[in-house]
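This briefing sets out the fold-level properties of one protein chain and then turns to selected residues. Please consult the sequence and the structure while reading.

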Amino acid sequence: MDFNLAKPSAGGIPEIDFRAELNEEQYQAVTAEPGPALVLAGAGSGKTRTLTYRVAYLLSKGVAPGEILLLTFTNKAAREMLHRVEDLTGVPARRFWGGTFHHVGHRILRVHGEPVGFKSGFTILDQSDAESFLGDLVKEKDPTFFKDKTHPRARQLGEVFSMARNTCLPLEESVRRFHPQHEKLTGRMVPLFETYMERKLKQQVADYDDLLEYLLKLLREDPETARHYQERFRHVLVDEYQDTNTLQAGIVDTIGNHHRIMAVGDDAQCIYSWRGANYENIVTFPDRHPGAAVYKIETNYRSTPEILNLANRVLVDQTPASGFHKELRAFRENRTRPYMVQTMDNREQAQFIIKRIEGLASEGYNLNDIAILYRAHYQAMELQMELARLSIPFQITSGVRFFEQAHVRDLVAQLRFAYNPNDLTAFQRTVALLPKIGPKTATRLHDLALQTARERKVPVVEALHSPTVLAKVPKAAADEWPSLMQSLRDIAESCRDGTPSETVRLAVEGWYEDYLRGAYSNFHARQEDLRSLTGFAGRFDDMQDMLAQLVLLNSETSDRSVDPDAEALRLTTVHQAKGLEFPIVFVIGLAENLFPLRRAVEENNLDEERRLFYVSVTRARDELYLCFPTIGRSNGPALSLKPSRFLQDLPNHLYEPLRIQRERIW
DNA sequence: AGTCGAGTTCTTTTT
DNA sequence: GAACTCGACT
């Protein structure tokens, strides 16, 4: 494909024979007339293909890359999509506006955020920062709130707020609907919510939801900005439309008020309702966009008929009247039925998989062809240990994430504070590295520094050196204080004058390096991580871009030990496997209380669990193994597990029970 | 009052 | 393993 890159893109799109490269269903959608279009694409039907060819088609009709807005859910999906467009058309990915809703929100708000209260220079709180921000605020405003054990903790309270915002409902209404167990608390939660919103603006920090909520607010309340983007993005394409929530659907509708929107989705794969996703957005799309053309793509090129029979059957058990009816039509030849594998416990499950992998390898499968899917991270523990023991390479897209490791977060906090001195959360994290400084002391010092800075009209990083502040630093921390503050001053200076990469290097080699050496025994490994951050920063010319990326990319996994191109087994949650496909798929832990999760059953979210199971089985191309242990040992007493109801619901002609031969050691 | 260490409990999914 | 609780120490 290299020759494409050399070509100028304007008018230089390579000739694509759309008719020949697409099936009839796909072709219709790809060549749709400008106007609202809803594409219902079943699993494995070539959804991504349709979307990428649509982009190519628009380009071939003379639409400029900059006029296309491509919205996705995850960073991974955005990358993959733009990469494929680039391969297809030779137009470099960076010429499109594409990415997650959050990315686009940030990008627009940092330029046009003023009318809704965000000056350029605001910083983003990740999930756990936002939680501690909220927790501190609650302790201050309503000190007894957390004393009552029946009240939500900071984390859950954050979820309650988030749900209201993502569904665009008043808090009262949202609580009644989604968190009825806390309905009597609404009166106390409302003022906390208000303070939460106010205080973020005051500190010029945004949580994830702000990036969406204020974007919509901006588009609705500032006609000039709205018009600017509406005219600019003549075509709006949305991937995984079934996972949009009310807020996101509102953004799409407002930016795309010209109705040239193509929404692609599959209501059977809606698995983010805990984030307010509402697949009814699909159902109501034609109402909101009159004259919408609806395209159904149902031919499945991915899986064997046996796998699809099983998948179709999973949906049969769905609560009726949810979404569009669909049935995947198989294109491929028959092969083997999915296997149902009963094991004694997780350990035996792991051993079975390893044994089977060896068999598959001798049949010519590569480790890259095989994926292990599970409902929750911790279910992969035993398998990870066994794989490590036998030194079978695996890549795990879950667990401790790169940007969530303590040392990475510490460093990012320093950068964030240097860039935005109002960011109290970042300051707290930074100074808490010193002895005898916790959240309370940090807040006092921060207040004092801001006040001093205001009075003397000096930057906050200067005020931190003043005797006034120094006097309030606990004795135990006083020794280290000046050198940490000096480091912050250097970083802040570099934020203004230097490149992000220089700034990061300064931070990595500053005070923190000494701290790191003393604090961790694996100092070298951690230092390596931080050095790689310098490289990461080299991709940006703007500090805020880089900081935003650091926070928004936090799902990026810590696979530094594994070369991404190396041959390795893939371990991933079902959520993260969405949109991917593998020749061989093992779904593990298919037992009641694990998958479906007990909590989901208790909270009546069975349909979503079922869709999640549907997503799992439709990832497989050739062979599917459904594994369940009969004994669960998490902590303490072993408890016996029943096979998942999703397995019990399957008529037995749809699968092949597989006996495993136990190796007797004694 | 606030920090810190020891001991205990419970694990969802992502931006 | 991390997050939370509780009690001791400054």
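**Briefing on chain A**

The model is predicted: local features need pLDDT of at least 70, side-chain atom pairs count only at pLDDT 80 or more, and totals for chains, interfaces and linings use all residues. Residues are numbered from 1 along each chain as its sequence is written, chains are lettered from A and ligands numbered from 1 in the order in which they are written, and side-chain values use heavy atoms, with hydrogens and water left out.

**Overall architecture**

- Chain A contains 32 helices and 19 strands; helices (H or I, at least four residues) and strands (E, at least two) are DSSP runs, numbered from the N terminus.
- The radius of gyration of chain A is 26 Å, close to the 26 Å that the globule rule gives for 666 residues, so chain A is as compact as a globular protein of that length. The radius is taken over C-alpha atoms, and the rule is 2.2 Å times the number of residues to the power 0.38.
- Along the principal axes, the C-alpha atoms of chain A fill a box of roughly 80 × 70 × 55 Å.
- Among contacts in chain A with a separation of 6 or more, 78% are between residues 24 or more positions apart.

**Surface and charge**

- Of the 666 residues in chain A, 57% are buried; buried means under 20% relative accessible area, exposed over 50%, and partly exposed in between (1.4 Å probe, protein chains only).
- Chain A exposes about 29,600 Å², of which carbon and sulfur atoms supply 50%. These areas come from the Shrake-Rupley method with a 1.4 Å probe, and for residues only the protein chains shown count as cover.
- Chain A carries 83 positive and 90 negative charges, and their mean positions are 4 Å apart. Lys and Arg count as positive and Asp and Glu as negative, while His and the chain ends are not counted; the place of a charge is NZ of Lys, CZ of Arg, CG of Asp or CD of Glu.

**Nonpolar cores**

- The largest nonpolar core has 64 residues, and Phe161, Met189 and Val236 touch the most other members. Such a core is a set of buried Ala, Val, Leu, Ile, Met, Phe, Trp, Tyr and Cys residues joined through side-chain atoms within 4.5 Å.
- Helix 11 (residues 208-221) provides the largest share of this core, with eight residues.
- Apart from this core lies another, of 53 residues, including Val408, Val473, Leu484 and Leu550.
- In soluble globular proteins, nonpolar side chains tend to be buried together.
- Beyond its neighbours within four places in sequence, Met189 contacts Phe145, Leu157, Val160, Phe161, Leu171, Val175 and His182.

**Selected residues in helices and strands**

- Phe178 lies in helix 9 (residues 171-178) and is partly exposed, at a relative accessible area of 35%. Its C-alpha atom is separated by 8.1 Å from that of Val160, 18 residues apart along the chain.
- Val39, in strand 1 (residues 37-41), is buried with a relative accessible area of 1%. Residues up to four places away in sequence aside, Val39 touches Ala29, Met262, Ala263, Val264, Gly265, Tyr295 and Ile297.
- Arg54, in helix 4 (residues 47-60), is buried with a relative accessible area of 5%. Leaving out neighbours within four places in sequence, the contacts of Arg54 include Ala29, Glu33, Leu237 and Met262.
- Glu513 belongs to helix 26 (residues 511-519) and counts as buried at 16% relative accessibility. Not counting residues up to four places away in sequence, Glu513 touches Val508, Phe523, Gln527 and Arg531.

**Backbone geometry**

- Most residues other than glycine have a negative phi, and most peptide bonds are trans.
- Phe595 and Pro596 are joined by a cis peptide bond with omega about 10°; Pro596 sits in the loop between strand 15 (582-587) and helix 30 (598-602).
- Ser391 has a positive phi, near 40°, and is found in the loop between helix 17 (381-389) and strand 13 (394-396). Ser391 is exposed, with a relative accessible area of 60%.
- Asn604 also has a positive phi, near 65°, in the loop between helix 30 and helix 31 (606-617). Asn604 counts as exposed at 71% relative accessibility.

How values were computed. Contact = heavy atoms within 4.5 Å.
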